[in-house]
Amino acid sequence: MLMDIPSLFRTAGTFERRLSPGAYLFHQGKKVESLFVVTAGEIQLVRHQTAGNALVLQRAFVGAVVAEASAFAETYHCDAVAGPDTSVRGISKPRFLELFRTDPNLAEAWAAQLAREVQTTRLRSEILALKTVADRLDAWLAWHGSLPPKGEWHQIARQIAVSPEALYREIARRRR
């Protein structure tokens, strides 16, 4: 039976951290010392492009592990930024690896989690390969269903790698 991954973060030796909106959980290039699961709010993994654009690689909500692949990396490959009212639970990387190596249920659950993330990443890659803002927005809507409140549209722009202004123009065009 697969282990419930969030339950791993409720075992002995874990810790809780609250983050202010916009605070960094970790920075790209820093040594991986802990793994985290979101317990409230949202963490976004952000990679800053050379042209200055920010690309959201992951939106981790309650119960999601942040940057799962960092368990097997020396350094984080992106920044992790907190949304409003965000808390995480953490476990040290050495403790995680000890449990991973000794608990086959955890290893299988972790592999299943990574497989789901690969599927999500492939879908995001398909969206980013589309040429127009309209096509990218159509694909995003097919995946997510509907637009969030207007104040959150800039997050969609980051996820589909377009400027907020281009996204707003496309949304306005559709609402005419």
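Me: What makes E3 and strand E8 (residues 86-92) count as paired?

Reply: Six bridges join E3 to E8. Pairing asks for at least two. E3 and E8 therefore pair, and they run antiparallel. Within this predicted model, serine 34 stands opposite serine 92 in E8.

Me: How many bridges link E3 to strand E6 (residues 65-66)?

Reply: Two bridges. The threshold is at least two, so E3 and E6 also qualify as a pair. Their sense is antiparallel. In E6, valine 66 is the bridge partner of phenylalanine 36.

Me: Why is strand E3 (residues 34-40) called largely enclosed?

Reply: Five of its seven residues are buried. Buried requires under 20% relative accessible area. E3 is therefore largely enclosed by the rest of the structure.

Me: How much confidence does the predictor place in the protein chain?

Reply: The mean pLDDT is 91. At least 70 is reached by 98% of the residues. Among the elements of the chain, E2 has the highest mean, 97. Helix H1 (residues 5-8) has the lowest, 83.

Me: Why do E2 and E5 count as edge strands?

Reply: Look at the order in the open sheet: E2-E7-E4-E5, with antiparallel pairing. Strand E2 (24-26) and strand E5 (54-60) each have a single partner strand, so one side of each lacks a neighbour in the sheet. Ignoring direction, neighbouring strands are turned by 35° against each other on average.

Me: What makes E2 and strand E7 (residues 79-82) a pair?

Reply: Two bridges join E2 to E7, and the strands run antiparallel. At least two are needed, so the pair qualifies. Tyrosine 24 stands opposite valine 81 in E7.

Me: How do H3 and H4 run relative to each other, and why?

Reply: Helix H3 (residues 104-129) and helix H4 (residues 133-144) pack at about 155°, with axes 8 Å apart. Angles over 145 degrees count as roughly antiparallel. H3 and H4 are therefore roughly antiparallel. H3 contributes Thr120, Leu123, Arg124, Ile127 and Leu128 to the contact, and H4 contributes Arg136, Ala139, Trp140 and Trp143. By class, the contact has six nonpolar, one polar and two charged residues.

Me: What angle do H4 and helix H6 (residues 164-175) make, and what is that arrangement called?

Reply: The axes cross at roughly 75° and come within 10 Å. The range 65 to 115 degrees counts as roughly perpendicular. That places H4 roughly perpendicular to H6. On the H4 side, Val133, Ala134, Leu137, Asp138 and Leu141 take part. They meet Ala166, Leu167, Glu170, Ile171, Arg173 and Arg174 in H6. The contact of H4 with H6 has seven nonpolar, no polar and four charged residues.

Me: How do you know that H5 is mostly covered?

Reply: Six of its eight residues are buried. They are Trp153, Gln155, Ile156, Ala157, Gln159 and Ile160. The cut-off is under 20% relative accessible area. The buried residues of H5 pack against E4, E5, H3, H4 and H6.

Me: Where does helix H5 (residues 153-160) lie relative to the strands?

Reply: H5 lies across strand E4 (43-48) and E5. H5 runs at about 105° to E5. Just after H5, alanine 161 takes a positive phi of about 60°.

Technical notes:
Residues numbered from 1 in each chain as written. Predicted model: local features only at pLDDT ≥ 70, side-chain atom pairs only at ≥ 80, totals over all residues. Heavy atoms only, no water. Axes fitted to C-alpha atoms, helices over the stretch in contact; angles between N-to-C directions. Helix = DSSP H or I, 4+ residues; strand = E, 2+ residues; numbered from the N terminus. Parallel < 35°, antiparallel > 145°, perpendicular 65-115°, else oblique. Contact = heavy atoms within 4.5 Å. Nonpolar A, V, L, I, M, F, W, Y, C, P; charged D, E, K, R; others polar. Buried < 20%, exposed > 50% of the residue type's maximum accessible area, 1.4 Å probe, protein only. pLDDT = per-residue confidence, 0-100.
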